[in-house]
Amino acid sequence: MSSDPASSAAPSATRPASLRRSVSNTLKGSAGNLVEWFDVYVYSVFAAYFESQFFSPEDKNATLYVWGIFAMTFLMRPIGAWYFGRFADRYGRRLALTVSVSMMAGCSFVIAITPTVATIGIAAPIILLLARLVQGFATGGEYGASATYMSEAAIPGRRGFLSSFHYVTLVGGHVLAQATLLAMLLLLDTSQISEWGWRLAFALGGVAAIVVFWLRRTMDESLETESIEAAKTGGARASGSLRELFVNQWRPLLLCFLITAGGTIAFYTYSVNGPKMIQSAFAGGDAITGTWINLALLAFLMVLQPVGGWLSDSIGRKSLLVFFGIGGVLYTGYMVTALPQQTDALSAFLILGVGFVILTGYTSINAVVKAELFPIHVRALGVGLGYALANSAFGGTAPVLYQAALKSDQVTAFVIYATSVIAVSLVVYVFFLKNKGANWLDDAQAMRERGQGGR
């Protein structure tokens with residue numbers, strides 16, 4: 001076992017003094033998460049409107065380029081997860097989260113003021129790509145530090161419920177992006193949204209992030225003061241260390257990756273591809289109806305998260321993950337093939353709504369499940385890197401792969417691929433996870449005595 005001070009520290013930092021304090025920190029952490037993910041989803045929600053501003057309208061591959069940039073940003077997430085995970089494990093979760101949201105704000109402002117391709121030529125898509133790559137870097141750091149902080153800030157016995165607000169606000173960012181689009185559709189015409197409305201959406205995200213910067217500075221720190229001081233004086237070498245993670249914590253890291261793989265491909269297939277399918281189906285003169293459906297569905301998904309978290313505190317995390325895995329394997333093919341054919345609002349809502357119920361088995365608890373795998377000195381790094389690697393490989397590529405499959409009439413191949421990845425994760429949920437038992441969040445001493453993660 002490591003002799004590093006951070007690895008042997010008592011777990012008191014993960015046990016808030018009261019429920020009130022825990023809720024306060026959860027709300028502050030959630031506000032930052034909400035704004036940061038709004039900045040992420042503004043891109044996917046408004047992509048169809050700003051596409052012609054960055055790529056020539058005559059370019060038949062413009063849509064693929066736009067979604068290709070979306071996918072490329074995910075390449076930066078593992079780098080961001082490493083940098084901010086190491087930073088958060090050494091110098092505190094709060095500071096790491098404050099820096100990440102500041103980077104998101106700056107890049108949103110850059111995108112909002114970038115001239116069009118007609119004005120500056122190829123420099124326009126290059127600036128868009130660079131800004132999105134930096135945002136991908138920041139998002140990679142946001143997930144690990146935020147999931148870790150919200151899991152640690154929650155009180156034992158309520159960790160599933162309170163940490164579920166991580167995805168309440170993650171989905172909430174998408175809801176706000178859809179609501180922004182709906183407001184513009186009601187007030188502006190399509191040409192106005194394409195010309196300047198989308199810029200306003202990115203600028204709003206930047207302004208909101210400035211407010212969150214102040215909120216995050218007032219959060220309690222969940223990492224122990226002793227651990228932070230040890231890192232500052234060079235006495236906590238294992239804290240946030242890649243060597244420590246890959247040599248002594250490779251099993252939970254692999255488990256984190258495999259838990260995430262099926263969940264992340266389902267999340268982007270259901271919550272990004274799904275609304276785009278509805279948007280396309282209702283695009284012919286009925287764009288407002290399609291946006292209303294998407295807004296209602298995403299609000300429904302958001303409300304489901306605390307329900308899933310609360311259930312996991314009662315029946316265990318494994319039960320929900322297995323429910324998601326079985327549902328994802330059986331339902332993904334039907335949803336992907338049936339949803340684009342719907343022209344009735346209720347049918348579209350029900351088809352994707354069932355998918356969101358299934359998805360909640362993963363999304364509502366994935367933060368706390370991963371946080372429970374790692375000791376405190378590499379928790380932010382382990383959670384963030386395990387998530388980011390799987391997210392980059394399977395999540396961020398799902399929209400562009402679906403678009404490519406759609407363009408080449410190979411949607412069945414995409415369904416087989418997505419279902420197979422979910423099936424692999426299902427095997428992990430069934431055979432490698434337990435519903436109850438000691439974990440690093442609530443039973444650090446028992447885990448150390450058991451010898452897990454030791455040298």
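In which helix is threonine 269 found? Threonine 269 is found in helix α13, where helices are DSSP runs of H or I with at least four residues, numbered from the N terminus. The structure is a predicted model, in which local features need pLDDT of at least 70 and side-chain atom pairs count only at pLDDT 80 or more, while totals for chains, interfaces and linings use all residues. Residues are numbered from 1 along each chain as its sequence is written, and side-chain values use heavy atoms, with hydrogens and water left out.

View 1. Threonine 269 counts as buried because its relative accessibility is 1%, buried being under 20% relative accessible area with a 1.4 Å probe and protein chains only. Its side chain reaches the backbone oxygen of isoleucine 265 at 2.7 Å. When residues up to four places away in sequence are not counted, threonine 269 touches Gly274, Thr332, Met335, Val336, Ala398 and Phe414, contact meaning heavy atoms within 4.5 Å.

**View 2. Arginine 77 in helix α4 (residues 77-91).** Arginine 77 has 3% relative accessibility and therefore counts as buried. The side chain of arginine 77 makes a polar contact of 3.4 Å with the side chain of tyrosine 387, and another polar contact, of 2.6 Å, joins it to the side chain of asparagine 391. A polar contact is a pair of N or O atoms within 3.5 Å, of which, within protein, one must be able to donate a hydrogen and the other to accept it, and residues adjacent in sequence count only if both atoms are side-chain atoms. Beyond its neighbours within four places in sequence, arginine 77 is in contact with residues including Trp37, Val40, Tyr268 and Ser392.

**View 3. Valine 42 in helix α2.** With a relative accessibility of 1%, valine 42 counts as buried. Leaving aside neighbours within four places in sequence, the contacts of valine 42 are Ala177, Ala201 and Phe202.

**View 4. The largest pocket and its lining.** This pocket holds about 1,000 Å³ of space, a volume being the space filled by probe spheres set on grid points that are joined across faces, edges and corners. On a 1 Å grid over the protein atoms alone, with a 1.4 Å probe, a pocket is an open set of points with protein on both sides within 12 Å along at least five of seven lines, and lining residues have an atom within 4 Å of a point. Of the 35 lining residues, Glu372, Leu373, Leu433, Ala438 and Asn439 lie nearest the centre of the largest pocket. Helix α13 gives the most to this lining, with six residues. By class, the lining has 14 nonpolar, eleven polar and ten charged residues, with Ala, Val, Leu, Ile, Met, Phe, Trp, Tyr, Cys and Pro counted as nonpolar, Asp, Glu, Lys and Arg as charged, and the others, Gly among them, as polar.

**View 5. The second largest pocket, with a volume of about 340 Å³.** Twenty residues line the second largest pocket, and those closest to its centre are Thr63, Lys276, Ser280, Gln403 and Leu406. Helices α2 (19-54), α3 (62-72), α13 and α19 (397-407) each supply at least two residues of this lining, and α13 gives the most, with six residues. The lining of the second largest pocket divides into eleven nonpolar, five polar and four charged residues.

Methods. Buried means under 20% relative accessible area, exposed over 50%, partly exposed in between (1.4 Å probe, protein chains only).
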